[in-house]
Each structure stands twice: as structure tokens, then as C-alpha cells.
Amino acid sequence: ANERFKVILDLRRRRRVRFFDLVADPGETRNLLGEERPAFRQIYSALLRQLEATEGEVGGRRAVKAARERMQQLRALGYL
């Protein structure tokens, strides 16, 4: 998350990605995935880097692989 936007990536259910505008929707009721593409790409890329840095060699690779697969799926669906 940053001060305005928040990305939630559920690694247990790889198909679950949510993106919220915390200023406009502090209750996180409206998933903006696909509506705020530049902001999403920036935050999602930072999330991948954070996973690589903090999850260790094995866990980080699995988490990043799952996140990258999800990014490819979102791109194929036209969200990115």
C-alpha cells in the first residue's frame, strides 16, 4: 500500500487480487482493479520487489512466481 492505494494479493488463492483507493473508499468496498492501471502497475511492481526481498530464497521465489503468473493473467484479460 501507499498513502492512497492498496493492493491485496492472496497467494493461497492465486486468482485473488484486489486494489483499493483508500482516500475515496476507506472501507475497501470497491475493487478498482483495471480502473487505475498506472497506479496499480506501480504498486504491484513494488509488491513483487518486496516479496523477493523479504520472503527468502524459496518462499520469495514461489510468491513472486505466483504474483507474476497473476500479472500475466491480468494482462491477458486486458486489465494491464
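A residue is taken as buried under 20% relative accessible area, as exposed over 50%, and as partly exposed in between, with a 1.4 Å probe and protein chains only. Buried residues make up 32% of the 80 residues in the protein. The structure is a predicted model, in which local features need pLDDT of at least 70 and side-chain atom pairs count only at pLDDT 80 or more, whereas totals for chains, interfaces and linings use all residues. Residues are numbered from 1 along each chain as its sequence is written, and side-chain values use heavy atoms, with hydrogens and water left out.

The predictor's confidence in each residue is given by pLDDT, on a scale from 0 to 100. The mean pLDDT of the protein is 78, with 81% of the residues at 70 or more. Confidence is highest in β2, at a mean of 88, and lowest in α2, at 71. Helices (H or I, at least four residues) and strands (E, at least two) are DSSP runs numbered from the N terminus. The protein holds 2 helices and 2 strands, in the order β-β-α-α from the N terminus on. The accessible surface, from the Shrake-Rupley method with a 1.4 Å probe and, for residues, with only the protein chains shown counted as cover, comes to about 5500 Å². Carbon and sulfur atoms account for 45% of that surface. With contact defined as heavy atoms within 4.5 Å, residues 24 or more positions apart provide 38% of the contacts that have a separation of 6 or more.

Strands are regarded as paired if DSSP finds at least two bridges between them. Strands β1 and β2 pair in the antiparallel sense over 6 bridges, and phenylalanine 5 has aspartate 21 in β2 as its bridge partner. In the segment before β1 lies arginine 4, which is in contact with Phe20, Asp21, Leu22 and Val23 when neighbours within four places in sequence are left aside. Arginine 4 counts as partly exposed because its relative accessibility is 39%. Its C-alpha atom is separated by 8.5 Å from that of alanine 24, 20 residues apart along the chain.

A nonpolar core is a set of buried Ala, Val, Leu, Ile, Met, Phe, Trp, Tyr and Cys residues joined through side-chain atoms within 4.5 Å. The largest such core has 18 residues, and those with the most contacts inside it are Val7, Val17, Phe19, Phe40 and Tyr44. At least two residues of this core come from each of β1, β2, α1 (37-54) and α2 (57-76); α1 supplies the largest share, 6 residues. Beyond neighbours within four places in sequence, tyrosine 44 is in contact with Val7, Leu9, Val17, Ala67, Arg70 and Met71. Leucine 9, in strand β1, counts as buried because its relative accessibility is 17%. With the neighbours within four places again left aside, leucine 9 is in contact with Arg16, Val17, Tyr44, Leu47, Leu51 and Ala67. Leucine 9 and leucine 47 lie 38 residues apart in sequence, with a C-alpha to C-alpha distance of 9.0 Å.

A pair of aromatic rings is described by the distance of the centres and the angle of the planes. Rings of Phe, Tyr and Trp (its six-membered ring) pair if their centres lie within 6.5 Å; planes under 30 degrees apart count as stacked, over 60 as edge-to-face and the rest as tilted. A search of the whole structure finds 3 aromatic pairs. Phenylalanine 5 and phenylalanine 19 form a stacked pair, at 5.2 Å centre to centre and 15 degrees between the planes. This pair links distant parts of the chain, with phenylalanine 5 in β1 (residues 5-10) and phenylalanine 19 in β2 (residues 16-21), 14 residues apart. Both phenylalanine 5 and phenylalanine 19 are buried. Ring pairs link Phe5, Phe19, Phe40 and Tyr44 into a cluster.

The loop between β2 and α1 contains glutamate 28, whose phi is near 50 degrees, a positive value in a residue other than glycine. Glutamate 28 is partly exposed, at a relative accessible area of 27%. Asparagine 31 is placed in the loop between β2 and α1 and is partly exposed at 34%. Apart from neighbours within four places in sequence, asparagine 31 is in contact with Val17, Arg18, Phe19 and Phe20.
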